[in-house]
Amino acid sequence: MASLNLILASLRRQKTLYGIWVLSLCLAVTGLVIIDVYRQSLAGMIREQGRKILTGDLSMSARRQLNETERRTFTAAVPQPAQMAESYDMMAMISTDKESRLAMVRFITDAYPLVGQIQLSERAGDVQGADLLSGDAIKMWIAADLVPLMNLKMGDQVKLGAITAEVAGIIQKDSSQTLRFGGLAPRVYLHRTQLEPARLIQFGSTFTNSLYALTPDVDNEALRRSLDTQLTDPGLEITSPRDMERGALRVLTRVLDYLGLIGLVTLSLGWIGVYYLGRRWLTLERTPSALLKCIGLSSLELQNLLLLKLSVILCAGVILGGALSWVGAHAVLPMFKSSLPPEFVLLWSWKSTALLLVIGPLAGLLLLYAPLRAVAFEAPLSLLNANPARVELSWQRLTALAGSVVFLFVALTFLQARSWNVTGVFLAALVGCVIAIAGVAYLFLRAVRSARRQRQGWRWHLASAQWLGRPGTALLLVIVSALAGLLAQMVPHLERTIVGEIRPPEQGSRPALFLFDVQEEQTEPLTAMLRADGAEISQSSPFIRSRLLQVNGAPFERAQTGEWSTREEENEARFRNRGVNLTYRAHLSPSEKIVAGVDYESMPEDQVSVEKDYAERLGFKVGDRLLFDVQGVEIEAAIGSLREVNWDSFEPNFFIQFKSGMLGEAPKTWIMTVKRHASLSAPQMQRLITGKFPNVSSINVQEALDNLTDIVTKLSGGLKVASRLAMALGVFVFLMILLFQLLSSRQDWVQLRVQGLTPGQIWQLQLLIYGGLALLGTLLGTLLAGAANWGLAHFAFRTHPQFDVPAMLVILSITWVLAWIGLTWMSLRQARDIARSLRSLNSV
Amino acid sequence: MNVQLQGLAKSFLQGENSLRILHGLSLDMKSGEIVAVVGESGSGKSTLLSLLAGFERPDAGLIRWDAQAAGDWTEPQWAAFRKESLGFVFQNYYLIPYLTAVENVALPLRLLGHDDPEPEARKMLSELGLEKRLHHLPHQLSGGESQRVAIGRALIHSPRLVLADEPTGSLDARTGQQVLDLLFRQLEGRQQTALIVTHSQEVAQRCHRILTLKQGQLWPV
């Protein structure tokens, strides 16, 4: 009770310190918790919606026709009688007299969807595949996105392959669709009976065949595991609703990973603030602590009292932080609304509460426990007599303190990134940046020390004395402003680089169309037709489907889905489980470069060249022997070389390619790119091709790039918000450190007034001391942001960096103006305070 | 409280050298006696107070309170002793900055578990002439007022021993005199044993006995 009274009295009467402390913690946790709220809400939605997204309790799918053995195994595993459905998905061109467009076509059986809803605008209630069979006409339901894109309405006739279907419904709700990034290929539904008449599936066509089952009251996870062991073809995918969480959220969770990393930098800035204020608090607690010990509190009781007080502050900070995060999550929702499913609602999960408690109270206690214990166990008279600005720590305590905080930070980084590689790179970059900043700041202080020996004016003399007298604070201020500047400036640069790569100013080299599913016998007439209209095929590559049977004699089996703990494992599983598409070409394309193994020109015909990242993910190396099943024929080849591929070139490129010869006779389709044409637009060319070759699908490259740009812009919007929050917090922490610096050096400023300096001169001096450090920090941050953009462009994106100079100038100006306003305000307040002190003899 | 110190020794390490502060110090104080300890700066007066309060452990020697040996007390035992039996007055008052005058004075009683110690604290402050300053925070009090609050806090729980370190050292002569009057009136009125460390002859003269701390030992003046 006595403890509580003391704590409450202290909180009531030292509002400024505790208020700023609570606010600092609140802002520190907000960014990361907002991201976690989105992560948990999405995961919660998918958990809720998993069955609806899957449209059943269990599914089996492959990028080929499911064979009878597989169907029998799947049906036998499912408790009977079970309701079942089937679908075929493929990209295909749909066209009217005026428009032609790529669509994701899904042929469905009567009972589809087994779970979830498809709702049409013209019809009340849910529909199922069987509803596509009513009447004589061939019916089609189209996604609402297609209506404005193709100027479609109910009853319109739409050509698809060899059939013409009537638009019988415009989809208002499709619970199987989760995230809506990009509308490149809107969905279209037809009945399964139209699959053969449409003649879209020809030899080598790209499609997915899925079988769904309704298995209520059955442990689907156990069923999936059992099927996984029975069906080992890597090209086959068994999916339960739980897997949908990972699959459906892949894009968004990656974005959230990176947002989370920015949130971590914000958090570390906030932690610097929390630690700084905590040390300040402990300095103020020295006298009360000494007295309480004199009055009879034991060291342990005092430690517990201080811990309780610290916990109250930290809890207040996280409660406010939680509330602010919740409001913030709602505030940024409109930014992402268009990319999220309509069912998405923000949810507060216990995991977010746990995260709050870890990054708030737990981290705060870890950060401050050692100095707090030092105060609690220090002899009272020493507490009263020692220099109150310092709390000495033994190296053991410093090691324990630093070790626990580093461990927590590494764990949080891994939890955000779910990748040891990203965790390692991120931490190395962060530590590297801090070392670089500290190094420059150290050189600055050394230069100041040298320059001080020469005769200088009084401003420089006093400012340099302040920097050299408190090098730790100077360093901290430079690090905080540099990190905030780095984050705020890096995101606009990166966005410029990525968008510049997607949409280079010189787009002449990019193809206009990307064609796939071109049958062997269609290549010549298609080329001739285009040539007759003045268009030209720029590149064509054979496309050969295969299965990888063995690697170095060992069977290449499917990775278990749904059990990944890192992004690397997830990537490995995804790459392992997809089919293997092969090609052959005599010479490398301009977008390829050999990075290991033999030169491509001299590579023997029984060797293959493998894309470098693909090889890394699957653990392949030069010399490994791969055994493929190409349409029933086994072909073995050794890895002769590894290649780097510029995937942004939009040229047909493959993970595995033969030189020629061995696959020359294999059954294949072709992938082609069509050059840009001076007078024929890409949609005109698409209509031309679809008119004569309805099974050939084409992607309008420009539209795809626009789509990608739109995605990048949307995603970078989130990153920008996070980085600006980091910048705001950086400025806040900077000003907060400043405030307490000014307070703790109040007597120095009073002395300067006594010596004859005017308030204006003191303001100038403070501006020079602290503004100078802010200037140094933000300029360092700017340079580091540029360097980071350069490094990422060269090594991660393999492109030329581009710099957003206007954004850089705007951010620098805003930061400086904010710092200037904050410093001037504090200086004015202090001037009034000093004036009061000068009037009162007692205080001077 | 009878205080008995026998052969107390205390050294500190300063760098690699051992600095001998107290060396065979002995003292007997009877209950209700007020003893002044004078000595030059650095003679070990603060160390003596630290040993008496249990903040430091002697390297050698005995400390007895009413014939009870305190030499092997644990830290919680010392803390309990301070809570119940010790009062401290410092040169710089050292009030808790976020507690009002009355809250500062009531604090020892609160720590002893009293539910409502403030009426008693108010009474004590009235005796010290601060009835109009009850709810002022330390920074709103003058030096003399702050020291009177500190005296109130040191005596409120009727400790058996009061330790004072230069109680008037920060005050002007007139205020110092007033504070001293109050302190001695309270100590003598309550028959409390006290050890006052001071440089001031005036303070020392008012004590029952004056000792000087020299070469690590106490000598009668």
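Colleague: How many salt bridges are counted between domain 1 of chain A and domain 3 of chain A?

Modeller: Let's start with what we are looking at, a predicted model. A salt bridge here needs a side-chain nitrogen of Lys or Arg within 4 Å of a carboxyl oxygen of Asp or Glu. Between domain 1 of chain A and domain 3 of chain A, that count is zero.

Colleague: And how many residue pairs are in polar contact between domain 1 of chain A and domain 3 of chain A?

Modeller: For this count, both residues must be at pLDDT 80 or more.

Colleague: What area do domain 1 of chain A and domain 3 of chain A bury between them?

Modeller: Good one to ask next! Carbon and sulfur atoms carry 87% of the buried area. In domain 1 of chain A, I262(A), L269(A) and Y276(A) lose the most area to domain 3 of chain A, together 22% of what that side buries. The total for domain 1 of chain A and domain 3 of chain A is about 3,000 Å².

Colleague: Which helix gives the largest share of the side of domain 1 of chain A that touches domain 3 of chain A?

Modeller: Helices α2 (15-54), α8 (250-295), α9 (299-336) and α12 (395-417) of chain A each supply at least two residues of that side. By class, the side has 23 nonpolar, eight polar and two charged residues. The largest share, 15 residues, comes from α8(A).

Note on methods: Residues numbered from 1 in each chain as written. Chains lettered and ligands numbered in written order. Predicted model: local features only at pLDDT ≥ 70, side-chain atom pairs only at ≥ 80, totals over all residues. Heavy atoms only, no water. Buried area = accessible area lost by both parts, 1.4 Å probe. Polar contact = N/O pair within 3.5 Å; in protein donor to acceptor, adjacent residues only side chain to side chain. Helix = DSSP H or I, 4+ residues; strand = E, 2+ residues; numbered from the N terminus. Nonpolar A, V, L, I, M, F, W, Y, C, P; charged D, E, K, R; others polar.
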